[in-house]
Amino acid sequence: MSRALSRGETRAGHTVGVRELVPVLGAVLLLYFVVPVLVLVLTYSPTALLTSLTETYVINAAVTSLVAALGSTVIAVVFGLPLAYWLSRTTSVLATVAMGAVVLPLVLPPVVSGMLLLTVVGPNGLGGLTDLTVTRSLLGVIAAQTFVASPFFVVTAKAAFDGIDDRLEEASRSLGRDWVGTMRSVTVPLAKPGLLAGLVLTFARAMGEFGATMMLAYYPRTLPVQIWASFISDGLDAALPVAVVLLGVALGTLLVVHALRATPWR
């Protein structure tokens, strides 16, 4: 009896100890996420930062990133929306394979993605069988960003469509609406929060894309590429102002997604 009680007390004490340790371990990782951001914000002179943000190279990089990210986001929505709906409503082997192809850019290192794109739209694209090339151009930037960022929209939109009851669409069609009318009046409105969240995440990922863009279109420089170029040529102080711009974009993205109440990780 006493031995059993002793073992029970030991297990209870062990459980309480682990339970107390869990938030400590989580706090360590959380600090690892937060501290670098705080150091960047608190240690850099606001006056020097504002002055640096008006530099031509920062403005040009910001404009290039903004235009390219908007372009790649539009492409992701136009082509990704029907793809996401089809993936959500189809259970065939083909849909499974297609979903694997969509997810592939998410798991590939961005530099590898850039290398793959070079085989198609590079100077010797498709083994020299085509003259199509978009390297060192804004189109190249958009192509790289679309390849890396558009899967975020497709995956998020598919999850949004998965949450819609098929019977609601069937009821709409039974009332005489065609497929387009059902999509416009039922499906898209119900999936709207998730679709908007996917759109915002796609835009943010496109703004932060570096590896594939550097491989495919080093010029015109986007913000991430400019950060790398400034760091290599002039050191950390020259790269920090551009990094602050991207940090602002990232924080703004989190705020927008939270405001939409459609965070995809919930």
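**Questions at the model**

Guide: In this predicted model, the protein chain has 266 residues, and buried residues make up 33% of them.

Visitor: How many helices and how many strands are there in the protein chain?
Guide: From the N terminus on, the order of elements reads α-α-α-α-α-α-α-α-α-α-α-α. The count for the protein chain is 0 strands and 12 helices.

Visitor: Which residues make the nonpolar surface patch of about 910 Å²?
Guide: Val37 has 31% relative accessibility, so it counts as partly exposed. A patch residue needs over 30% relative accessible area and no salt bridge. The patch is made by Leu29, Leu30, Tyr32, Phe33, Val34, Val37, Leu38, Val41 and Leu42.

Visitor: At what angle do helix 3 and helix 4 pack?
Guide: Two packed helices are described by the angle between their axes and the distance between the axes. Helix 3 covers residues 56–89 and helix 4 covers residues 93–107. Their axes are 9 Å apart, and the angle is about 135 degrees.

Visitor: Is helix 3 roughly perpendicular or oblique to helix 4?
Guide: Roughly perpendicular would need 65 to 115 degrees, and roughly antiparallel over 145. The angle here is about 135 degrees. That makes helix 3, relative to helix 4, oblique.

Visitor: Is the crossing of helix 3 and helix 4 left-handed or right-handed?
Guide: The crossing is a separate description of how helix 3 passes helix 4. For this pair the crossing is left-handed.

Visitor: How far apart are the C-alpha atoms of Ala69 and Gln145?
Guide: Ala69 sits in helix 3. Its relative accessible area is 0%, so Ala69 is buried. Along the chain, Ala69 and Gln145 are 76 residues apart. Their C-alpha atoms are separated by 7.0 Å.

Visitor: How many salt bridges does a search of the whole structure find?
Guide: To count, a side-chain nitrogen of Lys or Arg must lie within 4 Å of a carboxyl oxygen of Asp or Glu. Searching the whole structure gives a total of 5.

Visitor: Which residue forms a salt bridge with Lys158?
Guide: Look within helix 7, residues 138–162. The two partners lie there 4 residues apart, about one turn of the helix. Lys158 is buried because its relative accessible area is 18%, under the 20% cut-off. The closest N and O atoms are 2.9 Å apart, and the partner is Asp162.

Visitor: Is Asp162 buried or partly exposed?
Guide: Buried would require under 20% relative accessible area. Asp162 has 41% relative accessibility, so it counts as partly exposed.

Visitor: How far apart are the closest N and O atoms of Arg167 and Asp165?
Guide: Arg167 is exposed, with a relative accessible area of 60%. Asp165 has 31% relative accessibility and counts as partly exposed. The two form a salt bridge, with the closest N and O atoms apart by 2.7 Å.

Visitor: What relative accessible area does Glu209 have?
Guide: Glu209 forms a salt bridge with Arg205, and their closest N and O atoms are 3.4 Å apart. Arg205 is partly exposed, at a relative accessible area of 21%. Glu209 is buried, with a relative accessible area of 1%.

Visitor: Which residues are linked in a network of salt bridges?
Guide: The search finds 5 salt bridges in the whole structure. The network links Arg89, Asp166 and Glu169.

Conventions. Residues numbered from 1 in each chain as written. Predicted model: local features only at pLDDT ≥ 70, side-chain atom pairs only at ≥ 80, totals over all residues. Heavy atoms only, no water. Patch = residues over 30% accessible without salt bridge, like charges linked within 9 Å, V, L, I, M, F, W, Y side chains within 5 Å. Areas by Shrake-Rupley, 256 points an atom, 1.4 Å probe, with all protein chains shown as cover. Buried < 20%, exposed > 50% of the residue type's maximum accessible area, 1.4 Å probe, protein only. Helix = DSSP H or I, 4+ residues; strand = E, 2+ residues; numbered from the N terminus. Axes fitted to C-alpha atoms, helices over the stretch in contact; angles between N-to-C directions. Parallel < 35°, antiparallel > 145°, perpendicular 65-115°, else oblique. Left-handed = near helix turned anticlockwise from the far one by under 90°.
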